[in-house]
Amino acid sequence: MAKLDAEATPEQRAKVETELRAQLKAEVAKLQSDREELESLRASVDKGMEALKCRVDAFEAENEEAKRRVEGLAAREATLLCKEEELEVRERNARNGFFKQREENLKALRLEIDALELRKLAIGGELECERNEARGRIQQELELRLGAIKSREEQLDSRQLELDRRAIELESKERKVAVTQRSREDALRALRKEVEAEFADEITRRDAEIVRYQGQVERMRRSLTEERERLDAYEELIEVLDGREPAALREELEELRQANRALNSRLGALEAAESIGELERVKEELDAARDQIRDLRQELEERKVSAHQQQLAVLEREQWAQEKRVLERTKQLLDGHIRDLESRISSLVDSQQADVAFPELVKMDWDAYQISRPVDSVESLTTFTEELQHRIAVADPGKELFFRLEDLQLFVGGLAMSQLHVFQGISGTGKTSLAKAFAKAVGGECQDIAVQAGWRDRSDLLGHYNAFEKRFSEKECLQAIYRALTPSADDRLNIILLDEMNLSRPEQYFADFLSALEKSVGDRWIRLMESAPPSPPRLLRDGREIQIPENLWFIGTANQDETTNELADKTHDRSFVLELPRHEERFRINRNLPVRTYSFKSLQEAFSAAQAALRKEVADLLGFVSKSDLSTVLDKEFGIGWGNRFERQALTFLPVVKACGGTFAGALDHLLSTRMFRAGKVVGRYDISKDQLKNVEDALLHVFQGIDKDSFPERCVSALDRDRKRLERGA
């Protein structure tokens, strides 16, 4: 059977398995019907036994009635004996005058007694005959019933033996099917191991070919650079020759040769007819013509060399084009083979995913998500930010997006400060577009999630476990987090966009994430289930907890209207908040930038390098601000202090903004406007006056003058102006 299973095709194995299952179901159905028939026979026998028992009970009742009748006759006989004794007494007492009469009476009584005795004997005989007849009938009927029951039991025993034999055969078939199934499972496991090994070898070979192709591309790039240099030299030569072609030079040389021949013939004629002076003049013209011919020949040789070099360049380009076509065909073959392997592995994985609790996450353990993708390094934060402005502008094919460079500098600094971003602004400022375009510009992933009103806990964002189906309802957010952990995306930038995040309260449905993001890297785990299900995904800890990776940012868009909720301090203090203005300023877009996928690790290294290099300057700046009048006014007038979180965020945010081409003053202005000079802190309060706002503005301007004489805290001053106007309106 194992050999047959190994030699058979999957379709044949499936067909045989289907036929065996159908036969097994038919045998089980037949066995069930036989058992039902046996049960009905047993019920019929039990019914007959109950009827026989009723007949026996009736016979016993008749026997009791006969006994009662015999007892009645005995009582009557006793009564007659008593009467006989009374008569004898009366006879003894009345012998004298009534002897004859007494004798007759006695005779009559004796006759009556004899008749009664005969009647008694007749009744006893009748009762005995009836009893014997009833016993005979009951015995005969009982024997017939017992015979029928015995024959029925024999039939049932034979039927039971047949059923037992069929059950044994079915058990044997089931064991064979189980053995076949185990053989098939062993074959599938062997096939799976073979495919995995083949896939690993294919991946290793493909990586080697990619390295080799990269070397070839690098050599081609160097050759192309050399040819471009040669082409530049050729263009300079063309400029020197004033646009004349080699064919024109050949024609000119041929004309000069003809002129030379004409001069030689003329010289011969002159030698015969002209004077010596004329001969000398002609010789001088001939020498000049020869010198000109020599120069033209040298120039022609140089042109030939240049033309030969151009032909070589053309041949090399044709060879490169041919190699490129070969590489493209090889790549197509490799892609086809990889797609075939992926489909085979996917089919094997799908066959195993019937009973898993996380089917979509388990797929990522096998599919193309396990293949690392090539990435580009971030060499300079300034260049990265400047190019990012142009890449974002053309990220959406349907429209051009124009964002100010200073806003993008703050945004990149926010990437280093927090993994939670909040984009605020009126409708049409590009809050959603910026998040999506940034992911496309850096070659990352962006998962768009529309927040719904009424979300209350993490299950609305991640999903929940269905105990009845024994499956976890995997929401898009959970899949995006797990995808960011896979080898295909662990070195890329990943975005989860929470569109209109304040339709519900983030402090409720996002509470677990807020707590996790406060912890150090490596300790950011969120529990999905209380106990691990069977066959959990590989990247879940203990099969029930998922990690928030470093290369993942949550970006939420927030509108301010009657349908939304105000963000609480817990969310504000832990996030990077960016107020986007209308981007009406346009610039000339550089559309020639190559497509790149930036490395998350290199971006983190660039952040760390900037923070280490500028740490002392930022620390001195924070020390200066904390000792200034601004700190005193905020403490006394508004009851606000800096706090450890503000200092920690400034140490990570300010250096990166500076490295991106911004200024410390601009970064500090943004940080103060989103932390201190926002509604509920300095502005938007009903317990302050315009004089207090004037005092804090003077202290703020004095601090920024101390940082840089040309700096101006535009964002903070704008917030103060809006609040003064509110107080003037009496709002």
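**Notes on a predicted model**

1. Start at Pro-581. Setting aside neighbours within four places in sequence, Pro-581 is in contact with Arg-404, Asp-407 and Thr-429. The model is a predicted one. Pro-581 sits in the loop between β9 and α15. Its relative accessible area is 32%, so Pro-581 counts as partly exposed. The C-alpha atoms of Pro-581 and Gly-428 are 9.3 Å apart, although 153 residues separate the two along the chain.

2. Now the whole chain. The protein chain has 21 helices and nine strands. It has 731 residues, and 36% of them count as buried.

3. Five strands form an open sheet, in the order β2-β5-β8-β1-β9, and the pairing is parallel. Which strands stand at the edges? They are β2 (445-450) and β9 (576-579). Each has a single partner strand, so one side of each has no neighbour in the sheet. On average, neighbouring strands of this sheet are turned by 20° against each other, direction ignored.

4. Follow strand β1, residues 420-424. With β9, strand β1 pairs in the parallel sense over four bridges. Two of the partners in β9 can be named. His-421 has Phe-576 as its bridge partner, and Gln-424 has Glu-579. Strand β1 also pairs with β8 (residues 552-558), again in the parallel sense, over five bridges. There, Leu-420 stands opposite Phe-554 of β8.

5. Is β1 buried or exposed? Five of its five residues are buried, so β1 is largely enclosed by the rest of the structure. Check the side chains too. Leu-420, Val-422 and Gln-424 point one way from β1, while His-421 and Phe-423 point the other way. All of these residues are buried.

6. Turn to two helices, α7 and α8. They pack at an angle of about 115°, and their axes are 10 Å apart. The angle range for roughly perpendicular is 65 to 115 degrees. The two helices are therefore roughly perpendicular to each other. Their crossing is right-handed. On the α7 side, the residues that meet α8 are Phe-384, Thr-385, Glu-386, Leu-388, Gln-389 and Ile-392. On the α8 side, they are Leu-405, Leu-408, Gln-409 and Val-412.

7. Now the charged side chains. Side chains of opposite charge can pair when their charged atoms come close. How many salt bridges does the structure hold? There are 22. One of them joins the side chains of Glu-400 and Arg-591, at 2.4 Å from N to O. Glu-400 is in the loop between α7 (381-393) and α8 (405-417), and Arg-591 is in the loop between β9 and α15 (600-613), so this pair ties together parts that are 191 residues apart in sequence. Glu-400 is partly exposed, at 39% relative accessibility. Arg-591 is exposed, at 52%.

8. A second salt bridge joins the side chains of Asp-407 and Arg-715, at 3.3 Å from N to O. This pair also links distant parts of the chain. Asp-407 belongs to helix α8 and Arg-715 to helix α21 (residues 714-729), and they are 308 residues apart. Asp-407 is buried, with a relative accessible area of 3%. Arg-715 is partly exposed, with 23%. Recall that Asp-407 is also one of the contacts of Pro-581.

9. Asp-721 pairs with Arg-724, and their closest N and O atoms are 2.3 Å apart. Both residues lie in helix α21. They are three residues apart, about one turn of the helix. Asp-721 is partly exposed, at 31% relative accessibility. Arg-724 is buried, with a relative accessible area of 17%; the cut-off for buried is under 20%.

Technical notes. Residues are numbered from 1 along each chain as its sequence is written. This is a predicted model: local features need pLDDT of at least 70, side-chain atom pairs count only at pLDDT 80 or more; totals for chains, interfaces and linings use all residues. Side-chain values use heavy atoms; hydrogens and water are left out. Two strands pair if DSSP finds at least two bridges between them. Axes are lines fitted to C-alpha atoms, for helices over the stretch in contact, and angles run from 0 to 180 degrees between N-to-C directions. A salt bridge is a side-chain nitrogen of Lys or Arg within 4 Å of a carboxyl oxygen of Asp or Glu. Buried means under 20% relative accessible area, exposed over 50%, partly exposed in between (1.4 Å probe, protein chains only). Angles under 35 degrees count as roughly parallel, over 145 as roughly antiparallel, 65 to 115 as roughly perpendicular and the rest as oblique. A crossing is left-handed if the near helix is turned anticlockwise from the far one by less than a right angle, and right-handed if clockwise. Contact means heavy atoms within 4.5 Å.
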